[in-house]
Amino acid sequence: MLKFRTFALMAGVALLGTACGGPEASETQAPVMSWEEFQANAFQDAEGKWIIDGDLAFDSKEELRGFYDNNIAEEKGTTQGGLAVYYIGGDIKWSSTQKGNLTYCISTSSFGTRKTAVVNAMNSATAAWEATASVNFVYSSTYDSNCTASQTGVLFDVRQTTDTSYLARAFFPNSSRSGRNILISTSAFGSISPWTLTGVLRHELGHTLGFRHEHTRSTASGCYEDSQWRALTSTYDRSSVMHYPQCNGTQTGDLVLTSLDKSGARSLYP
Ligand SMILES: [Zn+2]
C-alpha cells in the first residue's frame, strides 16, 4: 500500500479527528422479520391506534408500515445494497428538485493546462452516478472564468489546491455555498495508480450526494469515524467506492461503483 493513500481522500475537515469513540457499528445481520410477522405483533388499542413494543402508538396502518420500512426492514436485511447516508436527525441529501440540477464550474485559472483532464474526469465520474441514481450533474462552463467559493451561479466549484495532505476533498449536501467545493490536489495529477483522477472523483462525488465513508459502518475497519449515518441497506460493502482500501477494504483496483453502491444510491435517489 502506498503511503500517500493513507489519508488520500477526505470529505472535509468536519470528519477529521473523529476516528475514535462512538457506538459500535455491527456487521451482523439480524434474522428477518417480515411485514406480516411485524403486523401480527401489533394491536389496536381502545383509541384505534396501532401499538407496538408495548407503548409505541401509530395513528394508522400506513404509519405503522412506515416505521417498519424505516426501522425494521433495513436492519433485518430484507433489502440488499450498500452505502450509508450522512444522517443528523434526518438524511442529509438533495431535495427532489435540486437533485436534478447539481450545477458546477471548473476553475480555468487554477487548473491551467490540466483543466481538460479535469473536465473529462468530471464528465466520466458524474456519469457513473447519473447512470445508477436519479441525480443529474450539470457542467456550467460559463462560470469557469470566475469559479470561486462565492460563485452563486453554480451549486459548487471545482478548483485546484496545492494542499497535498489529500488527493481531493469534497462536501456534503448541508454545506453552505462557501464550503461546497471539490478541491483537487496537485498530487492527484501525479502517479496514483491503481487509482485514476476519475476514480478519485467518483468517490468525492459520492460525498457530494450525501454518502459517508463505508468503512465507518464497521469498527473492524480500523477507520470508524462516528455514528452520524444511516445504513441504506444492511449489507456492509468492503469494496464500496466510499471505502478506503487501506481500511481493511477489498477494492484493489480503481475506485468504482460496486453493484451494492448502485442499489444503495438508487434507494436514496429513486
Ligand atoms: Zn472520502
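Predicted model: local features only at pLDDT ≥ 70, side-chain atom pairs only at ≥ 80, totals over all residues.

Biologist: What span does helix H4 reach, and what is expected for its 16 residues?

Modeller: H4, residues 115–130, reaches 22 Å from its first C-alpha to its last. At 1.5 Å a residue, 22 Å is expected, so the span is close to that value.

Biologist: Which residues of H4 are buried, and what puts them on the same side?

Modeller: The buried ones are Val118, Ala121, Met122, Ala125, Thr126, Ala128 and Trp129. They cover an arc of only 145° around the axis, so they sit on the same side of H4. Thr116 and Asn120 are exposed, on the face turned away from that buried side.

Biologist: Why is Asn174 called partly exposed?

Modeller: Asn174 has 14 C-beta neighbours inside 10 Å. Exposed requires 12 or fewer and buried requires 20 or more, so 14 falls in between. Asn174 lies in the loop between strands E9 (168–169) and E10 (181–185). Its C-alpha is 8.5 Å from that of Gly210, 36 residues apart along the chain.

Biologist: Which element gives the largest share of the largest nonpolar core?

Modeller: Val85, Tyr104, Val158, Ala168, Val200 and Leu201 touch the most other members of this 52-residue core. Elements giving two or more residues include strand E8 (156–161), helix H5 (197–208) and helix H6 (259–268). The largest share, 6 residues, comes from H4.

Note on methods:
Residues numbered from 1 in each chain as written. Helix = DSSP H or I, 4+ residues; strand = E, 2+ residues; numbered from the N terminus. Arc of directions from axis to C-beta. Core = buried A, V, L, I, M, F, W, Y, C linked by C-beta atoms within 7 Å.
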